[in-house]
Amino acid sequence: MDSSSSPSDPGLLTISAKIVVAGGFGVGKTTLVNSVSEVRPLNTDAWMTEASEGVDDLPPGGGKSKTTVAMDFGRITLQPDLLLYLFGTPGQARFWFLWDDLSRGALGAVVLVDTNRIDQSFAAVNYFENDSVLPFIVAVNRFEGKPEHDLAEVREALALNEDVPLIECDARSRASAIDVLQGVVTHSLSLAKVSAPG
Amino acid sequence: MTDSAKDVMTVSHDDKSDGAQTKMRSKRVRPYALTGGRTRTRHHLLVETLISVPEFDPVLAESLMPESRALYSRACQRMSIAELSANLDLPLGVIRVLVSDLAGQNAVFIHPTAYAYQNNPQVLERILDGLKQLPV
């Protein structure tokens with residue numbers, strides 16, 4: 001193939017996009033990603049390995065205590081030439097260095113909130129409000145049998161700006177999870193149109 | 001849909017090596033040693049960036065280090081940086097350097113991402129349409 005010309009294989013025109021799924025421990029990130037993903041979660045141990053750790057060649061089965069962090073990962077084929085990836089951010093503070101890497105280039109993010117453990121999602125809201133330029137929405141995950149909170153109360157508890165969309169979802173429901181992703185894209189689209197009119 | 005992208009490779013086995021770099025490096029080395037200690041790349045490689053092999057070259061494959069060869073083979077199925085890292089059990093940083101090197105030899109193709117289009121409205125509309133059409 002002549003590499004100087006544009007690819008003639010239509011497969012090479014395939015592009016990918018990414019949505020970040022954030023929120024604290026136990027708020028339903030894994031459930032939401034698995035509700036819509038067409039692939040099983042990846043074993044992402046290797047992602048964590050930092051440069052300094054990589055040079056240590058440990059013998060197999062030699063009692064190595066590998067850092068295992070559940071990283072949520074999902075993929076959705078939207079069109080034959082358009083893939084959407086979902087990346088969950090690790091909850092543990094010591095893996096925050098990964099947030100920037102995972103967020104870079106994303107079209108937007110959703111912060112999942114469980115009203116019974118709302119404090120678990122403070123850090124994620126802070127991150128996207130202060131340390132990131134990504135458009136983001138907040139989705140309150142409704143679990144069966146849990147008391148419902150008024151969305152206005154949730155917004156107040158999170159000290160969430162009025163311009164950040166706040167919706168409800170059921171992370172176990174594929175339809176609801178798709179709605180959440182649509183909410184992210186819609187929000188990103190509205191901001192993109194504002195910043196680039198015409 | 002399940003992940004049917006197993007280990008089946010459908011690659012063309014023509015022997016064209018047309019000027020491809022054929023450095024002989026076969027010694028198994030440690031992850032960041034095999035990148036020469038480099039952790040940065042010339043290419044912009046996001047975790048979701050897709051990598052594919054336009055034309056598999058078995059001669060080139062033979063000349064690669066085991067890790068690069070494995071990556072080269074895997075990428076025949078078109079795979080994201082994140083999936084390559086997970087499947088080959090190599091850190092994201094190592095995968096990025098190896099992919100960048102292979103791209104420098106025109107051995108792999110780095111697909112653009114939505115971000116490369118600056119997440120422009122047309123691309124976002126396509127994504128939104130795609131989500132709306134997903135079977136529930």
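**Close-up views of a predicted model**

**View 1. An open sheet in chain A.** In this predicted model, six strands of chain A form an open sheet with mixed pairing, and their order across the sheet is β2-β3-β1-β4-β5-β6. The edge strands of chain A are β2, residues 73–79, and β6, residues 166–169, each of which pairs on one side only. From one strand to the next, the twist averages 25°.

**View 2. The pairing of strands β1 and β3 in chain A.** Strand β1 of chain A, which covers residues 15–22, and strand β3 of chain A, which covers residues 82–88, pair in the parallel sense over seven bridges. Within this pairing, Ile15(A) has Leu82(A) of β3(A) as its bridge partner.

**View 3. Helices on the sheet of chain A.** Helix α5 of chain A, residues 122–130, lies across β1, β4 (108–113) and β5 (136–141) of chain A, and runs at about 155° to β4(A). Helix α6 of chain A, residues 151–158, also packs on the sheet, where it touches β4, β5 and β6 of chain A, and its direction makes about 120° with that of β6(A).

**View 4. The largest nonpolar core and Val111(A).** This core has 82 residues, and those that touch the most other members are Ile19(A), Val21(A), Ala109(A), Val110(A), Val111(A) and Ile81(B). When residues up to four places away in sequence are not counted, the residues that Val111(A) touches include Ala22(A), Ser121(A), Phe128(A) and Val138(A).

**View 5. Chain B.** Chain B contains five helices and three strands, which follow the pattern β-α-α-β-α-α-β-α when read along the sequence. Of the 136 residues in chain B, 39% are buried.

Methods:
Residues are numbered from 1 along each chain as its sequence is written. Chains are lettered from A and ligands numbered from 1 in the order in which they are written. This is a predicted model: local features need pLDDT of at least 70, side-chain atom pairs count only at pLDDT 80 or more; totals for chains, interfaces and linings use all residues. A nonpolar core is a set of buried Ala, Val, Leu, Ile, Met, Phe, Trp, Tyr and Cys residues joined through C-beta atoms within 7 Å. A residue is buried if 20 or more other C-beta atoms lie within 10 Å of its own, exposed if 12 or fewer, and partly exposed in between; C-beta atoms are placed from the backbone. Two residues are in contact if their C-beta atoms, placed from the backbone, lie within 7 Å. Helices (H or I, at least four residues) and strands (E, at least two) are DSSP runs, numbered from the N terminus. Two strands pair if DSSP finds at least two bridges between them. Axes are lines fitted to C-alpha atoms, for helices over the stretch in contact, and angles run from 0 to 180 degrees between N-to-C directions.
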